[in-house]
Amino acid sequence: MISRIKDSVKKILFKNRLKHLSQYIDMGDSFLFENFNINIINPYPRKKYVRVGNNSILDCQITFESGQGEVVIGNNTFLGRTNIICRSKIEFGDNVFVAWGGYFYDHNSHSLDFRDRRNDLIQQVKDYKAGLNFIAGKNWDVVKTKPIKICSDAWIGMNCIILKGVTIGEGAIVAAGSVVTKDVPAWTVVAGNPAKVVKTLTQ
């Protein structure tokens with residue numbers, strides 16, 4: 001009885017969350033699992049941050065650390081319990097599999113200059129004391145960002161990290177636990193940290 005009540009409460013909370021998120025997502029005929037969420041710091045009004053095609057399943061967390069960024073998801077794509085952190089653009093093609101535990105990060109988060117990072121820390125404390133999100137006033141002008149593209153029919157294994165500027169080619173496979181810092185050729189398997197080609201696939 002108690003478990004059924006908990007399940008009902010979870011479903012109600014999820015529906016309420018989806019109602020709130022609908023202003024930011026342009027949804028095709030696809031499906032959102034209960035882990036799905038969008039977090040936006042300083043959102044722009046009336047902007048659609050996420051566009052989804054048809055027959056895709058999303059169980060991921062998507063974070064926009066400023067008002068900028070766009071995530072595009074194609075048709076018949078599965079995004080498991082993974083984290084997408086976007087400032088420019090992250091794109092998933094059609095028929096893509098993404099397992100759980102991964103990170104897609106299209107920017108450096110901080111400047112390479114230690115003085116800028118010191119300023120980040122000072123600003124975080126100011127924002128937090130003011131009751132704001134701790135990165136609400138972050139200076140993004142000093143942070144490098146480049147889009148990520150996952151081409152159709154790719155498969156990203158569990159616990160992978162895909163960094164800024166990377167394109168995963170059509171039909172490519174990224175082995176579990178890999179850290180991808182450079183483009184992955186189509187129809188190859190990459191593995192390791194940094195990820196390297198370990199096998200060529202037939203189309």
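S178 is found in the loop between strand 17 (173–174) and strand 18 (179–180); strands here (E, at least two residues) and helices (H or I, at least four residues) are DSSP runs, numbered from the N terminus. The model is predicted, so local features need pLDDT of at least 70 and side-chain atom pairs count only at pLDDT 80 or more, while totals for chains, interfaces and linings use all residues. Residues are numbered from 1 along each chain as its sequence is written, and side-chain values use heavy atoms, with hydrogens and water left out.

With a relative accessible area of 0%, S178 is buried. Buried means under 20% relative accessible area, exposed means over 50%, and partly exposed lies in between, with a 1.4 Å probe and protein chains only. Leaving aside residues up to four places away in sequence, S178 touches N159, C160, I161, V190, A191, G192 and A195; contact means heavy atoms within 4.5 Å. A polar atom of the S178 side chain lies 3.2 Å from the backbone nitrogen of G192. A polar contact is a pair of N or O atoms within 3.5 Å; within protein, one must be able to donate a hydrogen and the other to accept it, and residues adjacent in sequence count only if both atoms are side-chain atoms.

Two strands pair if DSSP finds at least two bridges between them.

Strand 19 (residues 188–191) pairs with strand 20 in the antiparallel sense over 4 bridges. A191, one of the residues that S178 touches, has K196 in strand 20 as its bridge partner.

## Parallel pairings

Strand 6 pairs in the parallel sense with strand 3 (residues 37–40) over 4 bridges, and N39 stands opposite T63 in strand 6. Strand 6 also pairs in the parallel sense with strand 9, over 4 bridges. Here the bridge partner of Q61 is N83 in strand 9.

Strand 4 and strand 7 pair over 3 bridges, with V52 opposite I73. Strand 7 and strand 10 (residues 89–92) pair over 4 bridges, and in this pairing I73 stands opposite F92.

## Salt bridges

A salt bridge is a side-chain nitrogen of Lys or Arg within 4 Å of a carboxyl oxygen of Asp or Glu. By this rule the count comes to 4 salt bridges. One of them joins the side chains of E70 and R51, at 2.8 Å from N to O. E70 is in strand 7 (residues 70–73) and R51 is in strand 4 (residues 50–52), so the pair links parts of the chain 19 residues apart. Both ends are partly exposed: E70 has 22% relative accessibility, and R51 has a relative accessible area of 35%.

R81 and D59 form another salt bridge, with their closest N and O atoms 3.0 Å apart. The pair links distant parts of the chain, 22 residues apart: R81 is in the loop between strand 8 (78–79) and strand 9 (83–86), and D59 is in the loop between strand 5 (57–58) and strand 6 (61–64). D59 counts as buried, at 8% relative accessibility.

K138 forms a salt bridge with D120, and the closest N and O atoms are 2.9 Å apart. K138 lies in the loop between helix 2 (114–129) and strand 13 (148–150), while D120 is in helix 2, so the pair ties together parts 18 residues apart in sequence. K138 counts as buried at 13% relative accessibility, and D120 counts as buried at 7%.

## A nonpolar surface patch

Y103, I161 and L163 form a nonpolar patch on the surface, with about 230 Å² of accessible area together. Patches are made of residues with over 30% relative accessible area and no salt bridge; like charges are joined within 9 Å, and nonpolar side chains (Val, Leu, Ile, Met, Phe, Trp, Tyr) within 5 Å. Accessible areas come from the Shrake-Rupley method with a 1.4 Å probe, and for residues only the protein chains shown count as cover.

Y103 lies in strand 12 (residues 103–105). At a relative accessible area of 38%, Y103 is partly exposed. I161 is also among the residues that S178 touches.
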